[in-house]
Amino acid sequence: MGKLSCIRSLCCMGPPQPASPAGTVDATAGVRVKVSDRYVEIKNGIFELTLSNPDGIVTGVRYNGVDNLMEILNKEDNRGYWDLVWNPPGQKTGIFDVIKGTEFRIIYHDENQAEVSFTRNWDPSLEGKAVPLNIDKRFIVLRGSSGFYTYGIYEHKEGWPDFGLGETRVAFKLRKDKFHYMALANNRQRIMPMPDDRLPPRGQPLAYPEAVLLVDPINPDLRGEVDDKYQYSCEDQYNNVHGWMSFDPPIGFWQITPSDEFRTGGPLKQNLTSHVGPTTLAMFLSAHYAGDDLSPVFTNGEYWKKVHGPVFMYLNSSWDGSDPTILWEDAKVQMMIEKESWPYYFAFSEDFQKTEQRGSISGRLLVRDRYIDDEDLYASGAYVGLALPGEAGSWQRECKGYQFWCRADEDGSFYIRNIVTGNYNLYAWVPGFIGDYKLDATLTIASGDDIYLGDLVYKPPRDGPTMWEIGVPDRSAAEFYVPDPNPNYVNRLYINHPDRFRQYGLWDRYTELYPDSDLVYTIGQSDYSTDWFYAQVNRKVDENTYQPTTWQIKFNLDSVSPGSTYKFRVALASSARAELQVFFNDQNRGVPHFATGMIGRDNAIARHGIHGLYWLFNINVDSAWLAQGMNTIYLKQPRNQSPFQGLMYDYLRLEGPCDC
């Protein structure tokens, strides 16, 4: 077993043995439930879970000789809880709601398993006062399992009032005197500041409340760093396990999400993970890195029901606390066990479909672009998924149903398993190619279906040969020039890190690099990895004044085909209350040749996201706008009320006239 032999976990528990001088473990013990007027206690010989009755708030987790892993200095309803943000019609400000049940039930209990329910039902007397949803929060403890599961069933009945849902999640706040080391990935883990460090005088607020400069932290090694919870965001496709470690005693508290199916916005959607608190989150729905597009609105009394989760809160421990990576490595093993066990057979709600109730699809995706190859190409590594019916690309804004995604093999083959029954469209996008694929037919998935779709062909947008291109079509701005941070505002985790874009304040570096004039990129001479700034942001004039920026692309044409139409394709990786105006060889004309109007509210610039929602614009270019010899395309972003208004580019391409 090597170094993992000293880990206490589900996969290697073995016979009863001492956990620490203060506690014992009996992994063979049955599951016991004790109900009193105020609490529901569930234990299995490994740990004990305490929930408030009938609220269903996690007030305590006893494990490895520690009476409570939750923050005992917090009130009981501020330790482990489900919450949501909602708004009635016409009200823009969201209402924060810690979901407290009004009725408790034991759904099932024997020696091997306990599932309990805390429900809160809506009735017309609550209109305007409470979100119009029936909510059923469930908790599951299994025999021999070092952790607990939780899931929620949300229902909006037909004819109920309209409302918007901005966010819903599960939050756990751990003991700040014990949990100091946070891990999100192999290369994203560190000793973290204390919550007290974020408050004056120890912390100095920066451009927005989430970002704080650590002026006098309790741990002097962290002095001068920036703490910002958004620096620890993660794309959902990689957001499978994260959490915290205590060194004394060595304990890990991990949030494991075994499936993305219940999360909104597809695999590229970014969400919060763990952050200073110490806090760990399971995000199901949020507008982060997307804006209102990812906040569902329920109108005209529509019926809606969805299961969020289950997610697993995993506990592990070690006798040797000298190497925290032991606990992290074990948590990753457990994450794979949970993923392989999906969908869980033990969840009792009829609304959570089991394997035999679900279906699957398979096929192969090819790419046809005759300007690249005479033969169809394999859609190697393509993202292929099912989401509610809509337009091509609508999956990234879809926020009411379930989504099911996979990555295609090298030959474009894909197989999507365990699909909840219902009607879907099949969507795809292929790294290296612009645009979105959608299968024209609506697919109806029934229980037991195994549908083979055969070969599907994606024809990416293309009118003519490539005259030049900038960037890589992968829906991210990461390949462009990401500057070093201001040395006064550094998170040391991201120095020489692949995610260097997560540093605070990079938007201000543009003004330092281009104090008087804007970026000029010359085709054939410039290099986008060093000469194309990662975001087109405003220039800072003084503390509260910002100047719009206009970038230039210079390129030479040996000749121009008169009476022909060229095509300029611009793929954006992000837009934050910004506008793209495009001028060809004349930036002073009264009206731009092309303008998007104000688009996007993803806030990815301020939140270190390197991308938000994807936008693709296909601009017809009249040959009269071009000239033989040197040409200039002007890209203007005219909105300048904030340093965070701006664009991130994914990829730009000029195509010549069709030679067909």
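**Ring pairs and charge pairs in a predicted model**

Tyr504 has a relative accessibility of 7%, so this residue counts as buried, since the word buried is used here for a value under 20%.

A pair of aromatic rings is described by two values, the distance of the centres and the angle of the planes. When the whole structure is searched in this way, 53 aromatic pairs are found. Phe163 belongs to strand 14, which covers residues 163-173, while Phe298 belongs to strand 26, residues 297-298, so the pair ties together parts of the chain that are 135 residues apart in sequence. Both partners can then be checked for burial: Phe163 has a relative accessible area of 2% and is buried, and Phe298, at 0% relative accessibility, counts as buried too.

Tyr504, with which we began, has a ring partner in Tyr208; the centres of these two rings are 6.0 Å apart and their planes stand at 55°, so this pair is tilted. Tyr208 is found in the loop between strand 17 (203-205) and strand 18 (212-214), whereas Tyr504 is found in the loop between strand 37 (466-471) and helix 2 (506-513), so that parts 296 residues apart in sequence are tied together by the pair. Tyr208, with a relative accessible area of 12%, is buried.

The charged end of Lys306 sits over the ring of Tyr402, at 5.6 Å from the ring centre, and Arg475 lies over the face of Tyr614, where the distance to the ring centre is 3.8 Å.

We now turn to the charged pairs. Side chains of opposite charge can pair when their charged atoms come close, and a search of the whole structure finds 38 salt bridges. In one of these, Asp351 is joined to Lys305, with the closest N and O atoms 3.1 Å apart. This pair links distant parts of the chain, because Asp351 sits in the loop between helix 1 (325-340) and strand 28 (359-367), while Lys305 sits in strand 27 (residues 304-318), 46 residues apart. Asp351 is partly exposed at 34% relative accessibility, and Lys305 is also partly exposed, with a relative accessible area of 31%.

A salt bridge can also be formed within one helix: the side chains of Arg509 and Glu512 meet at 2.6 Å, N to O, and both residues lie in helix 2, 3 residues apart, which is about one turn of the helix. Arg509 is buried, with a relative accessible area of 17%, but Glu512, at 47%, is partly exposed.

Finally, the side chains of Arg653 and Glu655 form a salt bridge with an N to O distance of 2.7 Å. Arg653 counts as buried at 6% relative accessibility, and Glu655 counts as buried at 0%.

Methods: Residues numbered from 1 in each chain as written. Predicted model: local features only at pLDDT ≥ 70, side-chain atom pairs only at ≥ 80, totals over all residues. Heavy atoms only, no water. Phe/Tyr/Trp six-rings, centres within 6.5 Å; stacked < 30°, edge-to-face > 60°. Helix = DSSP H or I, 4+ residues; strand = E, 2+ residues; numbered from the N terminus. Buried < 20%, exposed > 50% of the residue type's maximum accessible area, 1.4 Å probe, protein only. Lys NZ or Arg CZ within 6 Å of the ring centre and 35° of its normal. Salt bridge = Lys/Arg side-chain N within 4 Å of Asp/Glu carboxyl O.
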